[in-house]
Amino acid sequence: MARTWLDRRVVHPLALKKELTPRFHLQGHVTCSVAAINPSGLMLEVHHRFLGLWLPPGGHLDPRDDSLLDAGLRELYEETGIRRTDTSPASAGPVEVVLGDVPARPSRGEPAHWHLDFAFAVHVDAAPMLRPDTSEIHDIRWTPGHATTAGVRLSSRLAALLPHSDPGCVTAVGGAGAGGA
């Protein structure tokens, strides 16, 4: 069942030599996210305005991105204000690849589609000043990996990068509902 779904949504378009990175590929496309980990071992999450979910920062690829990691780091900066120079890679490549459905957005003329998200992990070298992009996100928070929304599906590669930290230590910055889901 899962293989048929994967074949229909990803493998078949690739066999037809269709490009999967542009956002205008309406059946689905590639996205990138970044699990930013601070010196205390907390992971950054943003509350996505449209989806209403806490997620790692991330989004669509732009033509100016030189790589999937570039796209993820650009999205990290755009959504949170964390600069590429404030990060260092936590792994040599993606820590997970997640295929998921995205609901339709009639206000933008976007049908329901899928995202093939390449998730990278980076260490944030200091305690950067967070500057949430309120056009895309409601809120932003640092939280222990096991307490993140993504925690229920953390890959073993990402989980290995997160030290055990106090489950009660959640720090929020930002708009209405700071710290709440």
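Analyst: Helix α2 is followed by Gly-81, whose phi is positive, near 85°. Helices (H or I, at least four residues) and strands (E, at least two) are DSSP runs, numbered from the N terminus. This is a predicted model, in which local features need pLDDT of at least 70, side-chain atom pairs count only at pLDDT 80 or more, and totals for chains, interfaces and linings use all residues. Residues are numbered from 1 along each chain as its sequence is written, and side-chain values use heavy atoms, with hydrogens and water left out.

The helix α2 covers residues 68-80, 13 residues in total. The expected span is 1.5 Å times one less than the number of residues. For α2 this gives 18 Å, and the end C-alpha atoms are 18 Å apart, so the two values agree.

Several residues of α2 are buried, among them Asp-70, Leu-73, Leu-76 and Thr-80. Buried means under 20% relative accessible area, exposed over 50%, and partly exposed in between (1.4 Å probe, protein chains only). The buried residues of α2 pack against the strands β1 (28-37), β2 (42-48), β4 (58-60), β5 (87-89), β7 (113-124) and β8 (137-144).

Leu-76 is also among the residues with the most contacts inside the largest nonpolar core, which has 14 residues. A nonpolar core is a set of buried Ala, Val, Leu, Ile, Met, Phe, Trp, Tyr and Cys residues joined through side-chain atoms within 4.5 Å. At least two residues of this core come from each of β1, β2, α2, β7 and β8. A second, separate core of 8 residues includes Val-30, Trp-114, Leu-116 and Phe-120. In soluble globular proteins, nonpolar side chains tend to be buried together.

Leu-44 is another residue with the most contacts inside the largest core. Contact means heavy atoms within 4.5 Å. Leaving aside neighbours within four places in sequence, Leu-44 is in contact with Leu-76 and Thr-80, and also with residues including Ala-36, Ile-82, Leu-130 and Trp-142.

Along the sequence they follow the pattern α-β-β-β-β-α-β-β-β-β-α-β. Of the 181 residues in the protein chain, 44% are buried. Among contacts with a separation of 6 or more, 70% join residues 24 or more positions apart.
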